[in-house]
Amino acid sequence: MARTHPSKRQASLYMAAIVVGVASLLYVYEFFLRVTPGALAIELMQSFDVHAATFGFAMSSFLWAYMPMQIPAGLLGDRFGPRVLLTIAVLICAVATGIFSLTQNIAIAGIARFFTGGAAAFGYICPLMLAQRWFAKKHFALITGMIQGTACLGAIIGGGPVASFANTIGWRQAMLAA
């Protein structure tokens, strides 16, 4: 049985980490987009001139799309592969976030959040698919935990840091930067 040279195994491990790490960036971005409205709630309610109930209803549309899209995301991942889906998903998230940041209408903001949530569903499924392909089966739980843990950076950045940034340049400009 031929043995793989240690440097080749190490290079393969680095490549696997890069592939799964880059794919996980959508999950980081998705977590950021998920929590940002909570950090900017007062500014958003004032800007859209709505009360908390209307604001909460519109912002929760992210989760209305995110949750049911998990199963189709898996099916589509099996059909088309993570590369295509991650590319489309990040584009949809970016465009919908741009629309959210530019609109003056709370209904359009809610629709933009809905599309963001639907596309964000691919942020966890696709890195898992890549982890399964690139890493040994015995490391799948570890890699899954690392993907999940890394995504929490998006939630951290989408909280206090984005609120501070928005206080400096305004919430619309902060979201456009996102």
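Before we start: two residues are in contact when they have heavy atoms within 4.5 Å of each other. Keep in mind that this is a predicted model.

**Exercise 1. Getting an overview**

*Solution.* Next, look at the overall dimensions: along the principal axes, the C-alpha atoms fill a box of roughly 70 × 35 × 20 Å. Then check burial: of the 178 residues, 43% are buried. Last, take the contacts between residues at least 6 apart in sequence: 81% of them join residues at least 24 apart.

**Exercise 2. Into the core**

Find which residues have the most contacts inside the largest nonpolar core, and list what I147 touches.

*Solution.* The largest nonpolar core holds 50 residues, and F100, I147 and W171 have the most contacts inside it. Helix α1 (residues 6-39) gives the largest share of this core, with 9 residues. Now zoom in on I147. Skip its neighbours within four places in sequence, and you find contacts with V20, S24, Y27, Y124, P127, L128 and A131.

**Exercise 3. Two helices, α6 and α7**

Decide whether α6 is roughly parallel or antiparallel to α7.

*Solution.* Two packed helices are described by the angle and the distance between their axes. Here, the axes of α6 (residues 82-102) and α7 (residues 106-120) come within 8 Å and cross at roughly 165°. An angle over 145 degrees counts as roughly antiparallel, so α6 is roughly antiparallel to α7. The crossing of this pair is left-handed.

Who does the touching? From α6, the residues include A89, I92 and F100, and they meet a set in α7 that includes I108, R113 and T116. Sorted by class, the contact of α6 with α7 has 12 nonpolar, 2 polar and 1 charged residues.

Now pick out T116, which sits in α7. Its relative accessibility is 2%, and buried means under 20%, so T116 counts as buried. Beyond its neighbours within four places in sequence, T116 is in contact with L33, F62, C93, A96 and T97.

**Exercise 4. Another pair, α8 and α9**

Repeat the reasoning for α8 and α9: what is the crossing angle of their axes?

*Solution.* The axes of α8 (residues 122-134) and α9 (residues 140-158) come within 10 Å and cross at roughly 150°. That makes α8 roughly antiparallel to α9. This crossing is right-handed. On the α8 side, the contact is made by Y124, P127, L128, A131 and Q132, and on the α9 side by F140, I143, T144, I147 and Q148. By class, these residues divide into 7 nonpolar, 3 polar and no charged.

**Exercise 5. Two single residues**

Say for G158 and for D49 whether each is buried or exposed.

*Solution.* Begin with G158, found in helix α9. Its relative accessible area is 0%, so G158 is buried. G158 and V35 are 123 residues apart in sequence, yet their C-alpha atoms are 5.7 Å apart in space. Apart from residues up to four places away in sequence, G158 touches F32, V35, T36 and A39.

Move on to D49, in the loop between α2 (41-48) and α3 (52-59). Its relative accessibility is 67%, and exposed means over 50%, so D49 counts as exposed. Check the backbone too. Most residues other than glycine have a negative phi. D49 is not a glycine, yet its phi is positive, at about 55°.

How values were computed: Residues numbered from 1 in each chain as written. Predicted model: local features only at pLDDT ≥ 70, side-chain atom pairs only at ≥ 80, totals over all residues. Heavy atoms only, no water. Core = buried A, V, L, I, M, F, W, Y, C linked by side-chain atoms within 4.5 Å. Buried < 20%, exposed > 50% of the residue type's maximum accessible area, 1.4 Å probe, protein only. Helix = DSSP H or I, 4+ residues; strand = E, 2+ residues; numbered from the N terminus. Axes fitted to C-alpha atoms, helices over the stretch in contact; angles between N-to-C directions. Parallel < 35°, antiparallel > 145°, perpendicular 65-115°, else oblique. Left-handed = near helix turned anticlockwise from the far one by under 90°. Nonpolar A, V, L, I, M, F, W, Y, C, P; charged D, E, K, R; others polar.
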